[in-house]
Amino acid sequence: MSGLGIQEDRLSGPAAGQPREHWIAQAYDALGPALYRYALMILADRALAEDALQQAFTRLLGRGRLDEVSSAKAFLRVIVRNEAYRLLAARRPTETLEQADVRLLERVDDSVERLDEQRQLERALRQLPPDQREVVHLKVYEQLSFAEIAQLLAIPPNTAASRYRYAIAHLREFLPAPEGRRM
Amino acid sequence: MNDDTSKIECILVRFRPAGPDADLRSRVVQRTRTRSRWAFAEAMAAMLLIGLNLAQIGASVTQIIPPPHTNEARTRQLAVAIARLDLPFSQDEAYAMAQQLSAGERLVRLPLVHGSPSMNINNGGMP
């Protein structure tokens, strides 16, 4: 992404004369979809994930000194995370997981039809607490180490690892084994 | 990580979190554009309010600050002198003017932002 001022590990403000909305569009192209997936896994709600992402980019625009940011993705991930948990806290208690938008996952390989499996996994993921779902996302889909997850979430590495273990144990409980037994 | 963990991870990696709708990009950009306009409007409104407040404070500063203690005898003396000038003032107005003059004599003379020091002396320190 040279010339855009936005890279995975480097973020600088808009170039002189560059309209800010162009810069935001470029930032979105570079980082938006990944951040949206992260928000979606925390919130398990597409509408709220969109809100979190929009708010994050609005805050990014309002930030005065972008040159101080060393890692664009890490910086935006923290904003998205904060916004996601703020939205979770503000969500009305009457809004249950069943009411939330259902499409949480997509198949990596479109040639294989795994609709039942997808629905079961989505249902199982929705049963997890957001912080466990978040660790699953960071470990499995972003392939971060527990040390990196711990740094991002400001928790000890052992806590990150135990959240992951609990999440896997819950998923094992909720996902039926292929032959009909619990795994 | 045991075998069960690997099985679950195998299931997980067959999928990934769903991506954003195609129109989210334009909505994000649109929102930041709107936000920029609002930020400009907010800044202008804030400046206007500050300006109005400063103007109001400037106009009412003589009411906010209590008048200096004036010499009653000197005020009466000035009131009599003003009344002798045969100006179209009532007795009360002449007395009020005498109070202002008397108070002006006691003001600490500060340099004015606008105008010369001589103006400052001539009008009793009042801008």
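**Figure 1. Chain B and its secondary structure.** Five helices and one strand make up the secondary structure of chain B. This view, like those that follow, is drawn from a predicted model. Read from the N terminus, the elements of chain B follow the order α-β-α-α-α-α. Chain B has 127 residues, of which 10% are buried. When contacts in chain B between residues at least 6 apart in sequence are considered, 31% of them join residues at least 24 apart.

**Figure 2. Chain A and its secondary structure.** Chain A contains seven helices and one strand. From the N terminus on, the order of these elements is α-α-α-β-α-α-α-α. Of its 183 residues, 34% count as buried. Among the contacts in chain A between residues at least 6 apart in sequence, 62% link residues at least 24 apart.

**Figure 3. The contact between chain A and chain B.** Chain A contributes 35 residues to the contact, and chain B contributes 25 residues. On the side of chain B that touches chain A, helix H1 (3–13), strand E1 (15–17) and helix H2 (24–64) each provide at least two residues. H2(B) gives the largest share of that side, with ten residues. By class, the residues of the side of chain B that touches chain A comprise eleven nonpolar, ten charged and four polar.

**Figure 4. Strand pairing across the two chains.** Strand E1 of chain A, residues 105–107, is joined to E1(B) by three bridges. The two strands run antiparallel. Within E1(B), B:Pro17 is the bridge partner of A:Leu105.

**Figure 5. The largest nonpolar core.** This core holds 50 residues. The members that touch the most other members are A:Leu35, A:Ala39, A:Leu43, A:Ala52, A:Leu53, A:Phe57 and A:Val80. Helix H1 of chain A, residues 20–43, supplies the largest share of the core, namely 14 residues.

**Figure 6. The surroundings of A:Phe57 and A:Tyr28.** Leaving aside residues up to four places away in sequence, A:Phe57 touches A:Ile24, A:Ala27 and A:Tyr28, together with B:Val28 and B:Thr32 of chain B. A:Tyr28 belongs to helix H1 of chain A. Because 23 C-beta neighbours lie inside 10 Å, A:Tyr28 counts as buried. With residues up to four places away in sequence again left out, A:Tyr28 touches A:Phe57, B:Arg25 and B:Val28.

Figure 7. A:Thr58 is part of helix H2 of chain A, which covers residues 46–62. Since it has 19 C-beta neighbours inside 10 Å, A:Thr58 counts as partly exposed; the buried class requires 20 or more. A:Thr58 and A:Ile24 are 34 residues apart in sequence, yet 8.9 Å separates them in space, C-alpha to C-alpha.

**Figure 8. The packing of helices H5 and H7 of chain A.** Helix H5 (residues 130–141) and helix H7 (residues 157–174) of chain A pack with their axes 8 Å apart, at an angle of about 100°. H5(A) and H7(A) are therefore roughly perpendicular to each other, as angles of 65 to 115 degrees fall in that class. From H5(A), the residues that make the contact are A:Asp131, A:Gln132, A:Arg133, A:Val135, A:Val136 and A:Lys139. From H7(A), they are A:Ala160, A:Arg163, A:Tyr164, A:Tyr166, A:Ala167 and A:His170. The contact of H5(A) with H7(A) includes six nonpolar, four charged and two polar residues.

**Figure 9. Two loop residues of chain A with positive phi.** A:Gln143 is not a glycine, yet its phi is positive, at about 55°. A:Gln143 is located in the loop between H5 and helix H6 (146–153) of chain A. It counts as exposed because 9 C-beta neighbours lie inside 10 Å. A:Ala154, also not a glycine, has a positive phi of about 55°. The loop that holds A:Ala154 lies between H6 and H7 of chain A. With 7 other C-beta atoms within 10 Å, A:Ala154 is exposed.

Definitions and conventions. Residues numbered from 1 in each chain as written. Chains lettered and ligands numbered in written order. Predicted model: local features only at pLDDT ≥ 70, side-chain atom pairs only at ≥ 80, totals over all residues. Core = buried A, V, L, I, M, F, W, Y, C linked by C-beta atoms within 7 Å. Buried ≥ 20, exposed ≤ 12 C-beta atoms within 10 Å, placed from the backbone. Helix = DSSP H or I, 4+ residues; strand = E, 2+ residues; numbered from the N terminus. Contact = placed C-beta atoms within 7 Å. Nonpolar A, V, L, I, M, F, W, Y, C, P; charged D, E, K, R; others polar. Pairing = 2+ DSSP bridges. Axes fitted to C-alpha atoms, helices over the stretch in contact; angles between N-to-C directions. Parallel < 35°, antiparallel > 145°, perpendicular 65-115°, else oblique.
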